[in-house]
Amino acid sequence: MPASDQTRLLIVEDVPQVAQYIRGLLNAQARVKLLDVLTEGGRAIATINEVRPDVILVDALLQGRIKGPKLVEQIHEAKVGVPVIVLTVPQNPVEPNPAMGIHGVLSMPFSGFDLMTRIAQVRKDFEAQQATGTSRVMTVFSPKGGVGKTTIAFNLAVAMGQLDQRTVLVDGSVQFGDLRALLKVPADAPSILDLPTDRIAESDLGDVLWRDPSGIDILLAPPRIEMAEMLTARDVEKILSLLRRVYGVIVIDMSCQLNDINLAFLDASDTIVEIVTYDSTTIHSTIAIADTFRAIGYPASKVRYLINRADSAGGIDPGDLQRALGRVPEHKVVSDGRLVVQSNNEGVPFVLANPAAQISQDLARTAVEILDAGRVAALAGRH
Ligand SMILES: Nc1ncnc2c1ncn2[C@@H]1O[C@H](COP(=O)(O)OP(=O)(O)OP(=O)(O)O)[C@@H](O)[C@H]1O
Ligand SMILES: [Mg+2]
């Protein structure tokens, strides 16, 4: 049976007899693999992030420091992207309510058949809901280096995660892997190269992705420059189409060149967030890249311009930039050297470290605007 057909289950249950009963039901089959039974809620979120189950079963009557309903709420708020089945008894009725993180209910007593069908149904519904064509791939790109791509990509991804989007950030800067340094990831942390390219399954992702404390998943670049050569454009296509099935939002941080790999990232993107700044070379390179995109056949609406450090025009007339872009830039983010440097040095997103700062609000607004534009485009595409 392919690994992705098998459902990986995590149970949070403190009554040994109930846990034993479920183990017994699962023993005789291979469709559901029991990863673990946690007897209290305290470490549940950490374990979910670590083992990445497909479905979680939580006893509504769980006792201890974190009671059952509280744990379901915590799992929902942690946006782990895994559906929850609540196990209850007839005296304690619970209604399924996906908006509150209750994707299914199983009332005791239940048979092996009840258990298996509920698990399969909840997983299927959840995946269908995630894959309704709303998944958005966006590349943060610029023909110029050092304009803030990595900073913006990281904070934009976290801001989108805060909007209840299951989000993954891909380090598409495959040679230099800026995110490894930014997030202080251990040198041996797996990278995009550790995904099997012949047949990638969703279950492979859990072993390779870096779970950032900011709540988003990160697909890291290889740890060494020369290893980047092992990645092909075809790998990029396959990896992105897999990520689309699992994530609502995929943000890619890119390097500046237009090589095969970067074109694969750009081709697969719904939106290119092109960073521009007020400096004299930007105007030149922005026109050059707009010509190239036109020649490739990208519609103008695929690109959304973001002016970074928009409050420091540095002698450039904003009107000149606007004329070069051929339109009013869609997004603006102010400069905040102190906050950006401090957050980047600590490897934390400023949108969480200081949400009230103007730059954080700019990013949060940009996240909403990009997602809204994406929804409109998706609706238009369907008609
Ligand atoms: N809005 C901002 N306000 C203040 N400083 C910023 C802002 N955006 C970026 N920076 C600073 O600019 C520098 C470059 O940022 P970053 O590394 O994100 O750029 P990049 O485009 O990813 O660079 P590269 O081309 O090397 O990948 C960093 O030191 C960062 O702290
Ligand atoms: Mg960078």
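Here is a friendly chat about a predicted model, its ligand and a few of its residues.

Me: Hi! Before we start, what kind of model is this?
Reply: Hi! This is a predicted model.

Me: Okay. Which residues come nearest to ligand 1?
Reply: There are 17 residues around ligand 1, and those that come nearest are Gly146, Lys149, Thr150, Thr151 and Asp178.

Me: Where does the backbone come in? Start with Gly148.
Reply: A backbone N or O atom of Gly148 is 2.9 Å from an oxygen atom of ligand 1. On the nitrogen side, a polar backbone atom of Val334 lies 3.0 Å from a nitrogen atom of the ligand. Asp336 also has a polar backbone atom 3.0 Å from a nitrogen atom of ligand 1.

Me: How much of the ligand's area does the protein cover?
Reply: On its own, ligand 1 has 630 Å² of accessible area, and the protein covers 75% of that.

Me: Back to α12. Which of its residues are buried?
Reply: Leu339, Val340, Ser343 and Asn344 are buried in α12. They sit on the same side of the helix, because they cover an arc of only 120° around its axis.

Me: And what about the other side of α12?
Reply: There you find Arg338 and Asn345, which are exposed.

Me: What follows α12?
Reply: Gly347 does, and its phi is positive, near 75°.

Me: New topic: α9. Which of its residues are buried?
Reply: In helix α9, which runs over residues 260-267, the buried ones are Ile261, Asn262, Ala264, Phe265 and Leu266.

Me: What do they pack against?
Reply: Several elements. The strands are β6 (136-141), β7 (167-172), β10 (249-254) and β11 (271-276). The helices are α8 (233-246) and α10 (280-296).

Me: Where is Thr277?
Reply: Look in the loop between β11 and α10.

Me: What does Thr277 touch?
Reply: Leaving out residues up to four places away in sequence, Thr277 touches Val147, Thr282 and Asn308. Its side chain also makes a polar contact with the side chain of Asp279, at 2.7 Å.

Me: Now Asp217. Where does Asp217 lie, and how accessible is Asp217?
Reply: Asp217 lies in strand β9, residues 217-219. At 2% relative accessibility, Asp217 counts as buried.

Me: Which side chain makes a polar contact with the side chain of Asp217?
Reply: That of Arg211, at 2.5 Å. Beyond four places in sequence, Asp217 touches a number of residues, including Arg52, Arg166, Trp210 and Tyr247.

Me: Last one: Val32. Where is Val32, and what is Val32 in contact with?
Reply: Val32 is in strand β2, residues 32-38, and is buried, with a relative accessible area of 7%. Leaving aside neighbours within four places in sequence, Val32 is in contact with Thr7, Leu9, Leu26, Met116 and Ile119.

Me: How far apart are Val32 and Arg338 in space?
Reply: They are 50 Å apart, C-alpha to C-alpha, and 306 residues apart in sequence.

Definitions and conventions
Residues are numbered from 1 along each chain as its sequence is written. Chains are lettered from A and ligands numbered from 1 in the order in which they are written. This is a predicted model: local features need pLDDT of at least 70, side-chain atom pairs count only at pLDDT 80 or more; totals for chains, interfaces and linings use all residues. Side-chain values use heavy atoms; hydrogens and water are left out. A residue is near a molecule or strand if one of its heavy atoms lies within 4 Å of it. A polar contact is a pair of N or O atoms within 3.5 Å; within protein, one must be able to donate a hydrogen and the other to accept it, and residues adjacent in sequence count only if both atoms are side-chain atoms. Accessible areas come from the Shrake-Rupley method with a 1.4 Å probe; for residues, only the protein chains shown count as cover. Helices (H or I, at least four residues) and strands (E, at least two) are DSSP runs, numbered from the N terminus. Buried means under 20% relative accessible area, exposed over 50%, partly exposed in between (1.4 Å probe, protein chains only). Contact means heavy atoms within 4.5 Å. The arc is that of the directions from the helix axis to the C-beta atoms.
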